[in-house]
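Please keep the sequence and the structure in view while reading.

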Amino acid sequence: MPSLCRDCLSPFESARRCPNCGSPRVLSHPELYSLSIAHMDCDAFYASVEKRDNPSLRDKPVIIGGGRRGVVSTACYIARIKGVRSAMPMFQALKLCPEAEIVRGRMDVYVSVSKDIRKMMDELTPIVEPLSLDEAFMDLSGTEKLHGAPPAVMLARLVKRMEDELGLSGSIGLSHNKFLAKVASDLDKPRGFSVIGEAETAEFLHDKPVSMIWGVGAVGRESLAKAGIRTFSDLLRWDRKDLGARFGSMGDRLWHLARGQDYRKVSANAPVKGISNETTFHEDTNDPELLDGHLWRMAEKVSDRAKAKGIAGRVVTLKLKTAKFQLVTRRLSLRDPTQIADKIYRTARDLFQQLGDKGPYRLLGVGISDLIPEDQSDLHADLLDPDAAKRSEAERATDKIRDRFGPDAILKGRALR
(Lines give C-alpha, C1' and ligand atoms only; values in the text may rest on other atoms or scores of the structure.)
Protein backbone atom coordinates (compact mmCIF):
# COMPACT_ATOMS: atom_id res chain seq x y z
CA MET A 1 0.00 0.00 0.00
CA PRO A 2 1.36 3.47 -0.86
CA SER A 3 2.79 5.10 2.28
CA LEU A 4 4.43 8.38 3.21
CA CYS A 5 6.49 9.49 6.19
CA ARG A 6 5.12 12.79 7.43
CA ASP A 7 8.42 13.71 9.08
CA CYS A 8 11.06 13.03 6.39
CA LEU A 9 8.57 12.86 3.49
CA SER A 10 9.97 9.53 2.25
CA PRO A 11 7.60 7.38 0.14
CA PHE A 12 7.61 3.62 0.67
CA GLU A 13 5.37 0.57 0.77
CA SER A 14 3.24 0.03 3.85
CA ALA A 15 5.10 -0.19 7.17
CA ARG A 16 4.36 0.74 10.79
CA ARG A 17 7.45 2.96 10.93
CA CYS A 18 9.35 4.91 8.31
CA PRO A 19 12.23 2.73 7.06
CA ASN A 20 14.28 5.87 6.44
CA CYS A 21 14.00 7.83 9.73
CA GLY A 22 12.08 5.45 12.02
CA SER A 23 9.18 7.87 12.59
CA PRO A 24 5.80 6.37 13.51
CA ARG A 25 4.01 9.24 11.73
CA VAL A 26 3.25 7.13 8.69
CA LEU A 27 0.37 7.82 6.30
CA SER A 28 -0.89 4.83 4.28
CA HIS A 29 -3.85 4.62 1.92
CA PRO A 30 -4.66 2.84 -1.37
CA GLU A 31 -5.61 6.16 -3.03
CA LEU A 32 -2.93 8.25 -1.34
CA TYR A 33 -1.32 9.43 -4.57
CA SER A 34 -4.46 9.78 -6.72
CA LEU A 35 -6.49 12.30 -4.65
CA SER A 36 -6.09 16.04 -5.10
CA ILE A 37 -8.82 17.99 -3.22
CA ALA A 38 -7.59 19.13 0.20
CA HIS A 39 -8.69 21.12 3.22
CA MET A 40 -6.09 22.58 5.57
CA ASP A 41 -7.16 23.75 9.02
CA CYS A 42 -4.68 25.32 11.45
CA ASP A 43 -4.72 23.80 14.93
CA ALA A 44 -6.17 26.16 17.59
CA PHE A 45 -4.80 28.99 15.45
CA TYR A 46 -5.11 32.05 17.72
CA ALA A 47 -3.93 30.19 20.82
CA SER A 48 -1.08 28.57 18.90
CA VAL A 49 0.16 31.96 17.72
CA GLU A 50 0.11 33.24 21.31
CA LYS A 51 2.06 30.20 22.55
CA ARG A 52 4.58 30.60 19.77
CA ASP A 53 5.17 34.26 20.59
CA ASN A 54 5.24 33.67 24.36
CA PRO A 55 7.07 30.38 25.11
CA SER A 56 6.10 30.61 28.80
CA LEU A 57 2.54 29.70 27.72
CA ARG A 58 3.58 26.58 25.83
CA ASP A 59 2.52 23.94 28.35
CA LYS A 60 -0.29 25.96 29.92
CA PRO A 61 -4.00 26.07 29.12
CA VAL A 62 -4.61 29.27 27.17
CA ILE A 63 -7.93 31.01 26.63
CA ILE A 64 -8.28 33.82 24.11
CA GLY A 65 -10.91 36.27 25.29
CA GLY A 66 -11.88 39.67 26.61
CA GLY A 67 -11.07 39.47 30.28
CA ARG A 68 -12.69 37.72 33.22
CA ARG A 69 -16.06 39.37 32.63
CA GLY A 70 -16.13 38.53 28.92
CA VAL A 71 -16.48 35.32 26.94
CA VAL A 72 -14.16 32.76 25.43
CA SER A 73 -13.16 33.53 21.84
CA THR A 74 -11.20 30.30 21.46
CA ALA A 75 -8.96 28.06 23.54
CA CYS A 76 -5.97 25.78 23.15
CA TYR A 77 -6.36 22.01 23.24
CA ILE A 78 -5.21 21.77 26.86
CA ALA A 79 -8.09 24.03 27.91
CA ARG A 80 -10.53 22.22 25.61
CA ILE A 81 -9.80 18.95 27.37
CA LYS A 82 -11.06 20.61 30.56
CA GLY A 83 -14.33 21.46 28.81
CA VAL A 84 -13.62 25.06 27.75
CA ARG A 85 -15.46 26.00 24.55
CA SER A 86 -15.84 29.05 22.32
CA ALA A 87 -18.54 31.56 23.41
CA MET A 88 -18.57 30.18 26.94
CA PRO A 89 -18.77 32.89 29.65
CA MET A 90 -15.27 33.45 31.01
CA PHE A 91 -16.29 32.89 34.63
CA GLN A 92 -17.60 29.47 33.71
CA ALA A 93 -14.48 28.62 31.70
CA LEU A 94 -12.33 29.54 34.69
CA LYS A 95 -14.38 27.26 36.94
CA LEU A 96 -13.58 24.40 34.59
CA CYS A 97 -9.97 25.44 34.14
CA PRO A 98 -8.93 27.86 36.93
CA GLU A 99 -5.24 27.61 36.02
CA ALA A 100 -5.84 28.95 32.49
CA GLU A 101 -3.98 31.97 31.18
CA ILE A 102 -6.35 34.55 29.63
CA VAL A 103 -4.88 36.33 26.61
CA ARG A 104 -6.55 39.13 24.71
CA GLY A 105 -6.61 38.40 20.98
CA ARG A 106 -4.31 40.20 18.53
CA MET A 107 -6.21 40.20 15.24
CA ASP A 108 -3.54 42.18 13.40
CA VAL A 109 -0.95 39.49 14.22
CA TYR A 110 -3.30 36.67 13.21
CA VAL A 111 -3.99 38.36 9.88
CA SER A 112 -0.25 38.74 9.23
CA VAL A 113 0.45 35.08 10.02
CA SER A 114 -2.50 34.02 7.87
CA LYS A 115 -0.94 35.84 4.92
CA ASP A 116 2.32 33.95 5.45
CA ILE A 117 0.46 30.63 5.36
CA ARG A 118 -1.47 31.71 2.27
CA LYS A 119 1.82 32.40 0.44
CA MET A 120 2.93 28.85 1.17
CA MET A 121 -0.34 27.45 -0.19
CA ASP A 122 -0.12 29.62 -3.29
CA GLU A 123 3.25 28.04 -4.05
CA LEU A 124 1.55 24.62 -4.22
CA THR A 125 -1.41 25.57 -6.41
CA PRO A 126 -3.08 28.68 -7.83
CA ILE A 127 -6.46 27.25 -6.79
CA VAL A 128 -6.75 28.15 -3.11
CA GLU A 129 -10.15 28.99 -1.60
CA PRO A 130 -9.78 30.53 1.87
CA LEU A 131 -12.67 30.04 4.29
CA SER A 132 -11.23 32.11 7.13
CA LEU A 133 -7.86 33.23 8.46
CA ASP A 134 -6.92 29.69 9.47
CA GLU A 135 -8.45 27.31 6.92
CA ALA A 136 -8.70 26.87 3.16
CA PHE A 137 -9.52 24.44 0.40
CA MET A 138 -6.90 23.60 -2.22
CA ASP A 139 -7.21 21.86 -5.59
CA LEU A 140 -3.86 20.32 -6.51
CA SER A 141 -5.10 18.56 -9.66
CA GLY A 142 -2.43 18.58 -12.34
CA THR A 143 0.35 19.87 -10.06
CA GLU A 144 2.34 16.62 -9.87
CA LYS A 145 4.38 17.39 -12.99
CA LEU A 146 5.10 20.90 -11.72
CA HIS A 147 6.38 19.77 -8.31
CA GLY A 148 7.68 16.34 -9.22
CA ALA A 149 5.59 14.86 -6.40
CA PRO A 150 1.90 13.94 -5.91
CA PRO A 151 -0.44 16.25 -3.93
CA ALA A 152 -0.21 14.16 -0.73
CA VAL A 153 3.55 14.70 -0.56
CA MET A 154 3.24 18.44 -1.20
CA LEU A 155 0.55 18.78 1.49
CA ALA A 156 2.73 16.96 4.02
CA ARG A 157 5.54 19.30 3.00
CA LEU A 158 3.26 22.31 3.54
CA VAL A 159 2.37 21.49 7.17
CA LYS A 160 5.99 20.54 7.90
CA ARG A 161 7.11 23.88 6.50
CA MET A 162 4.50 25.67 8.62
CA GLU A 163 5.96 24.04 11.72
CA ASP A 164 9.59 24.67 10.75
CA GLU A 165 9.23 28.27 9.52
CA LEU A 166 6.20 29.63 11.40
CA GLY A 167 6.09 27.45 14.50
CA LEU A 168 2.45 26.51 13.84
CA SER A 169 0.75 23.22 13.07
CA GLY A 170 -2.14 22.35 10.79
CA SER A 171 -4.30 19.36 9.95
CA ILE A 172 -4.91 18.11 6.40
CA GLY A 173 -7.95 16.40 4.92
CA LEU A 174 -7.45 14.82 1.47
CA SER A 175 -10.26 13.39 -0.62
CA HIS A 176 -12.05 13.54 -3.97
CA ASN A 177 -14.36 16.48 -3.16
CA LYS A 178 -14.68 19.48 -0.84
CA PHE A 179 -17.24 17.99 1.53
CA LEU A 180 -15.14 14.92 2.32
CA ALA A 181 -11.87 16.86 2.43
CA LYS A 182 -13.29 19.10 5.17
CA VAL A 183 -14.68 16.10 7.03
CA ALA A 184 -11.28 14.41 6.83
CA SER A 185 -9.39 17.39 8.25
CA ASP A 186 -11.39 17.10 11.50
CA LEU A 187 -10.75 13.39 12.02
CA ASP A 188 -7.28 13.53 13.56
CA LYS A 189 -6.57 16.96 15.08
CA PRO A 190 -4.10 18.33 15.98
CA ARG A 191 -1.26 17.67 13.51
CA GLY A 192 -3.50 15.28 11.61
CA PHE A 193 -3.51 14.06 8.02
CA SER A 194 -6.56 11.99 7.09
CA VAL A 195 -7.60 10.53 3.74
CA ILE A 196 -11.07 9.52 2.56
CA GLY A 197 -10.83 7.66 -0.74
CA GLU A 198 -13.52 7.40 -3.36
CA ALA A 199 -13.81 3.61 -3.02
CA GLU A 200 -14.46 3.78 0.73
CA THR A 201 -16.83 6.77 0.77
CA ALA A 202 -20.10 4.86 1.21
CA GLU A 203 -18.71 2.63 3.95
CA PHE A 204 -17.10 5.54 5.74
CA LEU A 205 -20.29 7.66 5.83
CA HIS A 206 -22.73 4.83 6.61
CA ASP A 207 -23.01 5.19 10.40
CA LYS A 208 -21.75 8.76 10.79
CA PRO A 209 -24.05 11.40 12.36
CA VAL A 210 -25.56 14.04 10.07
CA SER A 211 -24.02 16.67 12.36
CA MET A 212 -20.83 15.94 10.40
CA ILE A 213 -22.35 17.94 7.54
CA TRP A 214 -20.91 21.45 7.50
CA GLY A 215 -23.69 23.92 8.33
CA VAL A 216 -25.99 21.47 10.14
CA GLY A 217 -26.15 22.95 13.63
CA ALA A 218 -28.45 22.38 16.58
CA VAL A 219 -31.57 23.57 14.75
CA GLY A 220 -30.75 21.49 11.67
CA ARG A 221 -30.13 18.38 13.75
CA GLU A 222 -33.43 18.89 15.57
CA SER A 223 -35.31 19.29 12.30
CA LEU A 224 -33.69 16.18 10.80
CA ALA A 225 -34.27 14.18 13.99
CA LYS A 226 -38.01 14.94 13.80
CA ALA A 227 -37.94 13.26 10.40
CA GLY A 228 -36.09 10.27 11.85
CA ILE A 229 -32.77 11.27 10.30
CA ARG A 230 -29.78 11.02 12.60
CA THR A 231 -27.16 9.25 10.48
CA PHE A 232 -26.17 9.11 6.83
CA SER A 233 -27.76 5.67 6.57
CA ASP A 234 -31.07 7.26 7.64
CA LEU A 235 -30.71 9.77 4.80
CA LEU A 236 -30.12 7.00 2.27
CA ARG A 237 -33.59 5.61 2.97
CA TRP A 238 -35.22 8.82 1.75
CA ASP A 239 -36.26 9.42 -1.84
CA ARG A 240 -34.72 12.48 -3.44
CA LYS A 241 -38.11 14.10 -4.16
CA ASP A 242 -39.31 13.50 -0.61
CA LEU A 243 -36.21 15.15 0.85
CA GLY A 244 -36.75 18.13 -1.44
CA ALA A 245 -40.40 18.39 -0.44
CA ARG A 246 -39.52 18.23 3.27
CA PHE A 247 -36.37 20.37 3.39
CA GLY A 248 -36.42 22.44 0.19
CA SER A 249 -33.09 23.09 -1.56
CA MET A 250 -31.30 21.70 1.48
CA GLY A 251 -33.02 18.37 0.83
CA ASP A 252 -31.39 17.98 -2.56
CA ARG A 253 -28.00 18.78 -1.05
CA LEU A 254 -28.58 16.20 1.68
CA TRP A 255 -29.44 13.56 -0.91
CA HIS A 256 -26.11 14.11 -2.68
CA LEU A 257 -24.03 14.36 0.50
CA ALA A 258 -25.55 11.11 1.83
CA ARG A 259 -23.83 9.47 -1.15
CA GLY A 260 -20.60 11.41 -0.68
CA GLN A 261 -21.29 13.56 -3.74
CA ASP A 262 -20.20 17.20 -3.84
CA TYR A 263 -19.77 18.83 -7.24
CA ARG A 264 -18.66 22.25 -6.01
CA LYS A 265 -15.34 23.35 -7.42
CA VAL A 266 -12.56 24.83 -5.34
CA SER A 267 -12.71 28.47 -6.40
CA ALA A 268 -9.69 30.73 -6.09
CA ASN A 269 -11.59 33.75 -7.38
CA ALA A 270 -14.74 33.54 -5.31
CA PRO A 271 -15.49 37.15 -4.36
CA VAL A 272 -15.80 38.04 -0.70
CA LYS A 273 -19.49 38.80 -0.27
CA GLY A 274 -19.33 39.87 3.34
CA ILE A 275 -17.38 39.88 6.58
CA SER A 276 -19.08 38.78 9.76
CA ASN A 277 -18.48 37.53 13.26
CA GLU A 278 -20.94 35.69 15.46
CA THR A 279 -21.03 33.71 18.67
CA THR A 280 -23.38 31.18 20.23
CA PHE A 281 -23.71 31.66 23.97
CA HIS A 282 -23.21 28.75 26.30
CA GLU A 283 -26.31 29.95 28.14
CA ASP A 284 -29.14 32.12 26.76
CA THR A 285 -28.79 35.71 27.91
CA ASN A 286 -30.71 38.97 28.00
CA ASP A 287 -28.05 40.90 29.93
CA PRO A 288 -27.81 44.30 28.15
CA GLU A 289 -24.22 44.98 29.27
CA LEU A 290 -23.01 41.56 28.18
CA LEU A 291 -24.77 41.83 24.81
CA ASP A 292 -23.43 45.35 24.29
CA GLY A 293 -19.90 44.16 25.01
CA HIS A 294 -20.36 41.39 22.46
CA LEU A 295 -21.60 43.87 19.87
CA TRP A 296 -18.49 45.98 20.30
CA ARG A 297 -16.05 43.05 20.14
CA MET A 298 -17.74 41.69 17.03
CA ALA A 299 -17.75 45.09 15.34
CA GLU A 300 -14.06 45.42 16.18
CA LYS A 301 -13.25 42.00 14.69
CA VAL A 302 -15.24 42.76 11.54
CA SER A 303 -13.47 46.10 11.29
CA ASP A 304 -10.03 44.53 11.75
CA ARG A 305 -10.68 42.00 9.00
CA ALA A 306 -12.04 44.67 6.66
CA LYS A 307 -8.98 46.84 7.24
CA ALA A 308 -6.68 43.86 6.70
CA LYS A 309 -8.38 43.15 3.35
CA GLY A 310 -8.54 46.81 2.33
CA ILE A 311 -12.33 46.81 1.91
CA ALA A 312 -15.39 48.48 3.41
CA GLY A 313 -19.09 47.59 3.57
CA ARG A 314 -22.18 49.57 2.68
CA VAL A 315 -24.63 47.32 4.58
CA VAL A 316 -24.42 46.51 8.31
CA THR A 317 -26.22 43.36 9.42
CA LEU A 318 -27.31 42.30 12.89
CA LYS A 319 -28.15 38.62 13.41
CA LEU A 320 -29.76 37.10 16.48
CA LYS A 321 -31.24 33.76 17.43
CA THR A 322 -33.69 33.61 20.31
CA ALA A 323 -33.90 30.95 22.99
CA LYS A 324 -36.75 29.44 20.92
CA PHE A 325 -34.42 29.20 17.88
CA GLN A 326 -36.19 32.01 16.04
CA LEU A 327 -33.71 33.70 13.69
CA VAL A 328 -33.92 37.49 13.60
CA THR A 329 -31.96 39.51 11.03
CA ARG A 330 -31.87 43.27 10.58
CA ARG A 331 -29.93 45.27 7.98
CA LEU A 332 -29.23 48.93 7.36
CA SER A 333 -27.66 50.48 4.26
CA LEU A 334 -25.26 53.29 5.08
CA ARG A 335 -24.84 56.46 3.09
CA ASP A 336 -21.10 55.77 2.93
CA PRO A 337 -19.49 52.32 3.09
CA THR A 338 -17.36 51.91 6.22
CA GLN A 339 -14.67 49.80 7.83
CA ILE A 340 -14.69 51.79 11.08
CA ALA A 341 -15.49 49.68 14.15
CA ASP A 342 -17.24 52.60 15.88
CA LYS A 343 -19.71 53.07 13.00
CA ILE A 344 -20.33 49.34 12.62
CA TYR A 345 -20.95 49.03 16.37
CA ARG A 346 -23.26 52.04 16.62
CA THR A 347 -25.30 50.89 13.63
CA ALA A 348 -25.61 47.36 15.00
CA ARG A 349 -26.50 48.72 18.46
CA ASP A 350 -29.27 50.91 16.99
CA LEU A 351 -30.66 47.91 15.09
CA PHE A 352 -30.58 45.89 18.30
CA GLN A 353 -32.36 48.58 20.31
CA GLN A 354 -35.13 48.79 17.66
CA LEU A 355 -35.98 45.13 18.24
CA GLY A 356 -37.36 45.73 21.71
CA ASP A 357 -37.49 42.84 24.17
CA LYS A 358 -37.32 39.65 22.08
CA GLY A 359 -34.71 37.87 24.20
CA PRO A 360 -33.20 35.97 25.77
CA TYR A 361 -30.76 35.19 22.97
CA ARG A 362 -28.58 32.19 22.22
CA LEU A 363 -26.68 33.69 19.25
CA LEU A 364 -25.51 37.15 18.26
CA GLY A 365 -23.72 38.24 15.10
CA VAL A 366 -22.56 41.40 13.31
CA GLY A 367 -21.43 41.76 9.72
CA ILE A 368 -20.92 44.04 6.74
CA SER A 369 -21.68 43.39 3.07
CA ASP A 370 -21.97 45.13 -0.30
CA LEU A 371 -18.19 45.48 -0.20
CA ILE A 372 -16.04 48.02 -2.06
CA PRO A 373 -12.36 49.14 -1.90
CA GLU A 374 -11.52 51.06 1.26
CA ASP A 375 -10.51 54.24 -0.60
CA GLN A 376 -14.19 54.78 -1.43
CA SER A 377 -15.34 54.60 2.20
CA ASP A 378 -16.24 57.17 4.86
CA LEU A 379 -16.07 60.07 2.43
CA HIS A 380 -18.83 62.30 3.80
CA ALA A 381 -19.53 63.88 7.15
CA ASP A 382 -22.51 62.57 9.14
CA LEU A 383 -24.80 65.54 9.72
CA LEU A 384 -26.80 63.62 12.35
CA ASP A 385 -23.64 62.70 14.27
CA PRO A 386 -21.10 65.55 14.06
CA ASP A 387 -18.67 63.71 16.37
CA ALA A 388 -18.45 60.67 14.08
CA ALA A 389 -15.48 62.10 12.14
CA LYS A 390 -13.56 62.72 15.36
CA ARG A 391 -14.19 59.17 16.55
CA SER A 392 -13.10 57.84 13.18
CA GLU A 393 -9.85 59.83 13.34
CA ALA A 394 -9.29 58.62 16.90
CA GLU A 395 -9.81 55.02 15.78
CA ARG A 396 -7.27 55.40 12.96
CA ALA A 397 -4.81 56.87 15.45
CA THR A 398 -5.52 54.01 17.85
CA ASP A 399 -4.83 51.51 15.06
CA LYS A 400 -1.39 53.05 14.52
CA ILE A 401 -0.58 52.94 18.22
CA ARG A 402 -1.63 49.27 18.42
CA ASP A 403 0.45 48.44 15.37
CA ARG A 404 3.48 49.91 17.11
CA PHE A 405 2.95 48.95 20.76
CA GLY A 406 0.62 45.95 20.61
CA PRO A 407 -3.15 45.35 20.66
CA ASP A 408 -3.52 46.02 24.39
CA ALA A 409 -1.92 49.47 24.23
CA ILE A 410 -5.38 51.09 24.13
CA LEU A 411 -8.65 49.40 25.16
CA LYS A 412 -12.20 50.70 25.23
CA GLY A 413 -14.13 50.16 28.44
CA ARG A 414 -16.99 48.44 26.64
CA ALA A 415 -14.52 45.79 25.37
CA LEU A 416 -14.23 44.51 28.95
CA ARG A 417 -17.95 43.86 29.40
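## A helix pair

The crossing of α11 and α12 is right-handed, a term used when the near helix is turned clockwise from the far one by less than a right angle, with anticlockwise giving a left-handed crossing. Helix α11 covers residues 240–247 and helix α12 residues 249–258; the two pack at an angle of about 140°, and their axes are 6 Å apart. Helices (H or I, at least four residues) and strands (E, at least two) are DSSP runs, numbered from the N terminus. Axes are lines fitted to C-alpha atoms, for helices over the stretch in contact, and angles run from 0 to 180 degrees between N-to-C directions.

On the α11 side, R240, L243, G244 and F247 make the contact, and α12 supplies S249, M250, G251, D252, L254, W255 and H256; contact means heavy atoms within 4.5 Å. These residues divide into five nonpolar, four polar and two charged. Here Ala, Val, Leu, Ile, Met, Phe, Trp, Tyr, Cys and Pro count as nonpolar, Asp, Glu, Lys and Arg as charged, and the others, Gly among them, as polar.

## Basis of the model

This is a predicted model, in which local features need pLDDT of at least 70 and side-chain atom pairs count only at pLDDT 80 or more, while totals for chains, interfaces and linings use all residues. Residues are numbered from 1 along each chain as its sequence is written, and side-chain values use heavy atoms, with hydrogens and water left out.

## The four-stranded sheet

An open sheet of four strands runs in the order β12-β15-β13-β14, with antiparallel pairing; two strands pair if DSSP finds at least two bridges between them. β12 (274–285) and β14 are the edge strands, each with a single partner, so one side of each has no neighbour in the sheet. From one strand to the next, the twist averages 15°. Helix α13 (residues 288–309) packs on this sheet and touches β12, β13 and β15, its direction making about 155° with that of β12.

β12 pairs with strand β15 (residues 361–373) over eight antiparallel bridges, and T285 has Y361 of β15 as its bridge partner. Strand β13 (residues 311–322) and strand β14 (residues 327–338) are likewise antiparallel, over eight bridges. In this pair V315 stands opposite S333 of β14. Four residues separate β13 and β14 in a hairpin, and F325 in the turn has a positive phi of about 70°.

## Backbone features in loops

P190 is in the loop between α7 and β11 (193–195), whereas P360 is in the loop between α14 (341–354) and β15.

A44, a residue other than glycine, has a positive phi near 45°. This residue lies in the loop between β4 (37–42) and α1 (45–53).

F137, K178, F179, K182, W214, R253 and R264 line the cavity. Helix α7 (residues 178–185) gives the most to this lining, with three residues. By class, the lining holds three nonpolar, no polar and four charged residues.

Key: On a 1 Å grid over the protein atoms alone, a cavity is a set of points where a 1.4 Å probe fits but cannot get out, and a pocket is an open set with protein on both sides within 12 Å along at least five of seven lines; lining residues have an atom within 4 Å of a point.
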